[in-house]
Amino acid sequence: MKPFEKPIYVTRPMLANLEDVNKELNEIWESQSLTNGGAKHQKLEEELKRVLKVPGISIFNNGEIALLVSIQSLRLSGEVITTPFTFPGTPHVLAWNNITPVFCDIDESTLTIDAEKIEGMITSKTTGILGVHVYGMPCNINKIQEVADRYGLRVIYDAAHAFNTEINGVGIGTFGDISMFSFHATKLFNTIEGGALTFNTPHMKKRIDLLKNFGIKNEDEVVLPGINGKMNELQAAIGLINLRLIDAEREKRQKIVDTYTQNLSGIPGIKVFEIPNGVKKSYQYFVIRIGGEFGHSRDEVYSDLKKYNVFARKYFYPLCSDYSCYRHLPSSNPENLPVAKKVVKEVLCMPLYGGLKLDEVEKICEIIKELRK
Ligand code: T4K
């Protein structure tokens, strides 16, 4: 089989029509209001509240600063229990807040933090749980909340991959104390860079909004050591346009996921990572697990696909607990993380974006089948 003529990446951003962008830019130029909570910012917050089905929201310049602020807003300290199977941005917000990440193993079927193991990791220093809805798969929210309530812990969800995810019609951003969404270019919904915190108790917005604007209350008062986490008007404008495009994008991605699933299911050693019924999918990632029965390791498949110009990604390898900045921690001991250690060698994120053609998806599946021979 011939390689693809042009590289096929793990994702491509959803791009708005330039005429629509120009229209928005004209309005911004007219208003001369470029940032600091302008009209577009306010409108995007209102629209996102509806789309994400959340009572409270604050939008940010990127997801990472939003997550950093979520820790400050809940005044977490000491130790926070989290997953090692995530993007570096998750544990780093703890380190930046002088908090020790405590890595808990993951559940083999959901690949999210193993809620049954959280209780055993709680110490007198624990103040919170930071779960990640990895690849848009919801954490075991009921069990996590039950443990948190019993020990008086706060719960934050990193929902960077879970835009539009709902559990039985309930927005994923309503669970726990705060959830963070990423609107990075590589996400289903993008504002180029961007993010949001969502929460159930609308009074939380006041503190979060202060924290993202240097703690400035008014011209005479600065009441908190805040940071600059504000989304600007150009980002917000892109968001307003892109919100109109996501339903069509999700439909295209659904067809791609169906095509992958049909073509890859039944190949010995390949397991398609499926999100259960009752969960509305974000279609941000399509993930397979490559087990021993396939006859080639995940790393071999990853490298072989490159020869065909297909750039799949090993998200989230290596485990955060293996980074040089965290591997000294007691919870990073491999004996504490047997499932994560195994899974991280098997996962492969396949290309998924609306512009990917179905015959290209079929060819990628054929390449994988050929590799097995
Ligand atoms: N928590 C979790 C669980 C996260 O996954 C993330 C981010 C965060 C927190 C932090 O949220 P943000 O602060 O980013 O809002 C990418 C993204 O940059 C990152 O947002 C994302 N997670 C992560 C999973 O993926 P890289 O280093 O893999 O990106 P990169 O540049 O290699 O891009 C991947 C592919 O996408 C490229 O090969 C081509 C394509 N691409 C990328 C960009 C940026 C484009 O076609 N156009 C583009 O503009 O991290």
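This report describes the ligand surroundings, salt bridges, strand pairing and surface of one predicted model.

Residues are numbered from 1 along each chain as its sequence is written, and side-chain values use heavy atoms, with hydrogens and water left out. In this predicted model, local features need pLDDT of at least 70 and side-chain atom pairs count only at pLDDT 80 or more, whereas totals for chains, interfaces and linings use all residues.

Polar contacts are pairs of N or O atoms within 3.5 Å. Oxygen atoms of the ligand lie 2.7 Å from a polar side-chain atom of S182, 2.9 Å from a polar side-chain atom of R313 and 3.0 Å from a polar backbone atom of G63. On its own the ligand has 920 Å² of accessible area, and the protein covers 76% of that area (Shrake-Rupley method, 1.4 Å probe).

**Salt bridges.** The model holds 26 salt bridges, each defined by a side-chain nitrogen of Lys or Arg within 4 Å of a carboxyl oxygen of Asp or Glu. The table gives three of them.

| Pair | N to O distance |
|---|---|
| K40 and E24 | 2.8 Å |
| R289 and E108 | 2.5 Å |
| K307 and D304 | 2.9 Å |

Helices (H or I, at least four residues) and strands (E, at least two) are DSSP runs, numbered from the N terminus. K40 is buried at 11% relative accessible area, and E24 is buried at 12%; buried means under 20%, exposed over 50%, and partly exposed in between (1.4 Å probe, protein chains only).

R289 belongs to strand β15 and E108 to the loop between β4 (100-103) and α5 (115-118), so this pair ties together parts that are 181 residues apart in sequence. R289 is buried at 6%, while E108 is partly exposed at 33%.

K307 and D304 are three residues apart in helix α10, about one helical turn. K307 is exposed at 60%, whereas D304 is buried at 17%.

**Strand pairing.** Strand β15 pairs with β17 in the antiparallel sense over four bridges; pairing requires that DSSP finds at least two bridges. F286 stands opposite M350 in β17. From β17 (residues 347-350), V347 and C349 point one way and L348 and M350 the other way, and all are buried.

**Surface loop.** G295, in the loop between β15 (286-290) and α10 (298-307), is exposed at 57% relative accessible area.

Key: A polar contact is a pair of N or O atoms within 3.5 Å; within protein, one must be able to donate a hydrogen and the other to accept it, and residues adjacent in sequence count only if both atoms are side-chain atoms.
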